[in-house]
Amino acid sequence: MISLQGISKIFGAITALDNISFEINKGEIFGLIGPDGSGKSTLLRILATLLRPSAGHAKIGKYDVEVDYKAIRKIIGYMPGQFSLYPDLSVEENLNFFAHIFGTRLEENYFLLRDIFTYLEPFRKRRASHLSGGMKQKLALSCALIHRPTILLLDEPTTGIDPVSRAEFLMLLKNLKKHEITILISTPYMDEASACDRIALFKNGKLLGVDTPGGFREAYKRTLYSIRGIRPARLLPELRTLPSHCWVYASGNEVKVSTPNPNEIYILREMLDRSTIKQNYQIHVIEPDIEDCFIARMKDTYGE
Amino acid sequence: MENKEAQWSIEVENLEKRYGSFIAVDKISFRVKKGEIFGLLGANGAGKTTTLRMLCGLLAPTAGIALIDGTGVSQNPESVRFKIGYMSQHFSLYEDLTIWENFRFYGGIYGMKLSEIKGKFNELSYRLNMSDQAQRLTRELPVGWKQKLAFMVASFHNPSVVFLDEPTSGVDPLVRRQFWDLIYEAVLKDTTIIITTHYLDEAMYCDRLAIMDQGKISAYGTPNEILSHYKASSMHEVFLKIAGKEDILA
């Protein structure tokens, strides 16, 4: 459905995207995941035909983003990172305005919006500027869907909104899958990977990998231990004396130790038993999460 | 035996903020130990920011008490101001100043003498191996560095409490880990850390949490206590349960 071949984007001295190639399948929820400044928005803007790549080709279906931009604009719904609806118009007026621009009516594709509209209905006369963050994002999603696009490009729709609204938003996206809409969503929050069929990890304009969330976990070649029961603030300084090929870091209220050699659990246990921290601890082998995978790929790519 | 006041860094009792008939913070009570990492969580509008502003002395409560190190915040806002540091989610250093100038500026604001600022800055930059960076403009620094510097600036005057507002949103996992290393260093020296956030993975780094909902504290305890109380496998699930939106989990 979407294919990227060697896409680069250079702004002066900054390489925002560095030779990116991958494919997105029809009907997928595809996540672009990476920290601020990793190139996610730039990539979405290229696909939305708002920026031209410095090198490479990108196609949406049979259309090339540089040549066929007019055709592409009809089949995509783009939700930019900044709230860009009219703050002085009401919910209803915004919807009617965007419907009009795309030469359609709200009623025409209402089946797509029905789920989202149940949330917006109580506020239909309210000005967009007076909506909560979560409601603004739902309105923006509705406006992006109003012309029944086949591809949705969503730039950080869940950034800055509260956890319940985030969960609602991601659920609404899942419900859109039955209408065979391909959804490309960017997010800095690694835990949102689980809402995606496949994800691409980005850092500093480079692609660290493309896979299913499960695929990333399977490709993790190291053994990961979790130590619980001792406050990370106390435990970390002790474990930092492990050899440097052991990565030691806090993750919430546990400390994780990642090692290429599973036998090192004996060194680890011995170290903990010798420790001055006389506290009960539990140590387990655990599955890596997407953050652990991201860290491993980053170290592979940048050799940190 | 230590005296009782020394044990608590923050004591809040029946703290309330009303705006007309609207109750933004509804008689909440909680206590935070010295050197603890305490998370104040909640959706937008739950009352986190109002609580935080009352704790910093920026907003007067309509009822109740807040003490920092035993000092009443509304009674002595000026003296409390010197006991606290604040780091916002948006990068809060001056981009057009050098690293050194930012430290000098903020140190001055917090009432430090120039000689003291110089001495501490030299020590800090030596320890962090950045002595040659002191004259660099802040805007030229990588994101991860800025985040760490913002924390160092917020804790430069040795405050007993540092408030962090969504400190690690949008940074990569390695930077986040390095950032937490700094926080851990600070708490081992008995600095108290208060984090306000609605990013739930940050919540798991806290020793204890208070989850706010409609001005009240609806859950209070260690992350594990809260998880087991709500029979939830993640903080995310706890939030949905508090909001009565468990159906999303299905």
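Guide: What follows is a short walk through aromatic pairs, their surroundings and charges over rings.

Visitor: How is a pair of rings described, and how many aromatic pairs does the structure hold?

Guide: A pair of aromatic rings is described by the distance of the centres and the angle of the planes. In this predicted model, the structure holds 15 aromatic pairs over all chains. One of them joins B:Phe103 and B:Phe121, with 5.1 Å centre to centre and 55° between the planes, and this pair is tilted.

Visitor: Where in chain B do B:Phe103 and B:Phe121 lie?

Guide: B:Phe103 belongs to helix 4 (residues 99–109) and B:Phe121 to helix 5 (residues 114–127), so the pair links distant parts of the chain, 18 residues apart. B:Phe103 has 1% relative accessibility and therefore counts as buried, and B:Phe121, with a relative accessible area of 4%, is buried as well.

Visitor: Why is the pair of B:Phe151 and B:Phe179 edge-to-face?

Guide: The ring centres of B:Phe151 and B:Phe179 are 5.7 Å apart and the planes stand at 70°, so the pair is edge-to-face, because planes over 60 degrees apart count as such. B:Phe151 lies in helix 6 (residues 143–154) of chain B and B:Phe179 in helix 7 (residues 173–188) of chain B, so the pair ties together parts 28 residues apart in sequence.

Visitor: Which residues form one aromatic cluster with B:Phe103?

Guide: B:Trp100, B:Phe121 and B:Phe156 form one aromatic cluster with B:Phe103.

Visitor: Which residue lies over the face of A:Trp247?

Guide: A:Arg222 does, at 3.5 Å from the ring centre, while in chain B, B:Arg81 lies over the face of B:Phe82, at 5.4 Å from the ring centre.

Conventions: Residues are numbered from 1 along each chain as its sequence is written. Chains are lettered from A and ligands numbered from 1 in the order in which they are written. This is a predicted model: local features need pLDDT of at least 70, side-chain atom pairs count only at pLDDT 80 or more; totals for chains, interfaces and linings use all residues. Side-chain values use heavy atoms; hydrogens and water are left out. Rings of Phe, Tyr and Trp (its six-membered ring) pair if their centres lie within 6.5 Å; planes under 30 degrees apart count as stacked, over 60 as edge-to-face and the rest as tilted. Helices (H or I, at least four residues) and strands (E, at least two) are DSSP runs, numbered from the N terminus. Buried means under 20% relative accessible area, exposed over 50%, partly exposed in between (1.4 Å probe, protein chains only). A charge sits over a ring if NZ of Lys or CZ of Arg is within 6 Å of the ring centre and within 35 degrees of the ring normal.
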